[in-house]
Every structure is written in C-alpha cells, then in structure tokens.
Amino acid sequence: MEPVILIKNLRKSFSNNEVLKGINLEINPGEVLSIIGSSGSGKSTLLRCMNLLEQSDSGEIWFENENLVDNKVNLNRLRAKMGMVFQSFNLFNNLNVLQNCMLAPMKVLGVSKEEAIQTGLANLEAVGMKEFAYQNPKQLSGGQKQRVAIARALCMNPEILLFDEPTSALDPEMVGEVLEVMKQLANLGMTMVVVTHEMNFARDVSTKVIFMDQGIVLEENDPISIFTNPKEERTKAFLKRVL
C-alpha cells in the first residue's frame, strides 16, 4: 500500500533556529495521525510544510508519486487534494456559509455552480451545519465556524485532511462538537493528520501518534503504546504534565 504522504529527511530553519531536524514520516491511507508535543517542538511547522504553506530548506515530501518540493510539479493541482483546517477558521465574512464552501470547487476544480451548491449543502449537512447555509460566518459561534471550515475542506474531495490545532481557538464547551465531527470523519476512513493538544482525541481516535520534541520525531507508535507505555523519558514527562 503506497503512503499518501512520504516525508524524507525534512529540514526547516527560521533564521538561526532549526525547527525541523531531519523528519522522516509516512502517512498511510485511512490513517489518523496525531502529532503531539510541547509548544515550539515543530508540530505546526511540519504540518504546514506538508502542503508547502511553509517552504522547507531540504528533504523530500512525496504525494501522489510526486515530490512536492520539486520545482517542476504542478503544486496547485496537488495542493487542491490536501484539505487544510486552521485554528483560526479563515472563513470569508463577505460570503455566506454556503458560498464559503462553493468558492474553491468552482474556482480551482471548475465545477458548475449547481454542483458546488449540492456538494456544499451535502458537506454542511455532514457536519451538522446545513441549517446555517445562508448565514454570515460572523453570526456563528467558534465551534460552528470550525465545522463550516471542515465542510469547506471536504468540498474539495481531498485525499487527506490536515488539521492545525483545530480546537485551540475554541471555548472549552465548543471543543466537543468539533472533535465529534473529526471522529466521524475518522470512522469513515478519511486520512487525517492532526496537530492537537486534545490528548483524549489523540488516544481514542488516532491510529498512530508521534511525539515531537525540539524538532525531531522522538517517539512514534500506536496510541495505546504511547499513552500507557511511552519509551522515551521526555515523552513520559510531557504526558505526565498534560494528563
């Protein structure tokens, strides 16, 4: 089985600060990978390098048998197959909820307006937001906005969804509704990479967890092994602190 994403020796620095120090990682179809670790360990940078929102300094990122860091690849075509959900929602307030979901499929994929409407409504229904289709995002709670952002990403029919701390900007009572949607996607077999501070999600929903520390993948295993029997002392110390 070919990995959806294969990362080889990925390095990234900001000025003199080396944030990623030779990351090797593979993400397989249907896998839910949670990336955990302290702030500043390189988690979000790794995620943003996967779809080249951040340009790596060296290394390889293979997706659909093409190296994304090769200048010859059609980056926009490949990036369209990677959904991205940000912590700050990034919805367009000059468009209603449904129009937010229609925009990229029409502009990037060239689908008709009618098809974009049907796809948008179907994905809004899947995340429990269809009744808000014609409202402005400003009228929504944080949890509702994030569910719309997930629906918008799904409208591109992606092969993989990347989540960058999708609940960190939410009030605690809204976290559950977003995690529930993500859990449903996992149950449907969606390939997902999730940078998260939600340890219950990482433990209960992930198929694989990596613990990052100071720019390296220090430990990688199934969630039960990571959470009940971590091998590395720094993993043990981190989990003791956050749990």
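L75 lies in helix α2 (residues 75–79) of a predicted model, in which local features need pLDDT of at least 70, side-chain atom pairs count only at pLDDT 80 or more, and totals for chains, interfaces and linings use all residues. Residues are numbered from 1 along each chain as its sequence is written, and side-chain values use heavy atoms, with hydrogens and water left out. Helices (H or I, at least four residues) and strands (E, at least two) are DSSP runs, numbered from the N terminus. The relative accessible area of L75 is 22%, and the residue is therefore partly exposed; buried means under 20%, exposed over 50%, and partly exposed in between, with a 1.4 Å probe and protein chains only. Apart from neighbours within four places in sequence, L75 is in contact with L52 and L68, where contact means heavy atoms within 4.5 Å. R147 stands 72 residues from L75 along the chain, and the C-alpha atoms of L75 and R147 are separated by 27 Å.

R147 is one of the α5 residues in the contact between α5 and α6. These two helices pack at an angle of about 20°, with their axes 8 Å apart. Axes are lines fitted to C-alpha atoms, for helices over the stretch in contact, and angles run from 0 to 180 degrees between N-to-C directions. Helices α5 and α6 are therefore roughly parallel to each other; angles under 35 degrees count as roughly parallel, over 145 as roughly antiparallel, 65 to 115 as roughly perpendicular and the rest as oblique. On the α5 side the contact is made by G142, G143, Q144, Q146, R147, I150 and L154, and on the α6 side by M174, E177, V178, V181, M182 and L185. By class, this contact of α5 with α6 has seven nonpolar, four polar and two charged residues. Ala, Val, Leu, Ile, Met, Phe, Trp, Tyr, Cys and Pro count as nonpolar, Asp, Glu, Lys and Arg as charged, and the others, Gly among them, as polar.

Helix α5 (residues 142–154) also packs with helix α3 (residues 97–109), at an angle of about 30° and with the axes 8 Å apart. That angle makes α3 roughly parallel to α5. The crossing of α3 and α5 is right-handed. V97, N100 and C101 in α3 meet V148, A151 and R152 in α5. The contact of α3 with α5 has four nonpolar residues, one polar and one charged.

C101, part of the α3 contact with α5, is buried, with a relative accessible area of 1%. The closest cysteine sulfur to that of C101 belongs to C155 and is 4.4 Å away, too far for a bond. A search of the whole structure finds zero disulfides, a disulfide being a pair of cysteine sulfur atoms within 2.5 Å. C49 counts as buried, at 0% relative accessibility.

Positive phi values occur at E165 and Q214, neither of which is a glycine. E165 has a phi of about 45° and is found in the loop between β7 (160–164) and α6 (172–187). At 13% relative accessibility, E165 counts as buried. The phi of Q214 is about 50°, and Q214 is placed in the loop between β9 (208–213) and β10 (216–221). Q214 counts as exposed, at 51% relative accessibility.

Technical notes:
A crossing is left-handed if the near helix is turned anticlockwise from the far one by less than a right angle, and right-handed if clockwise.
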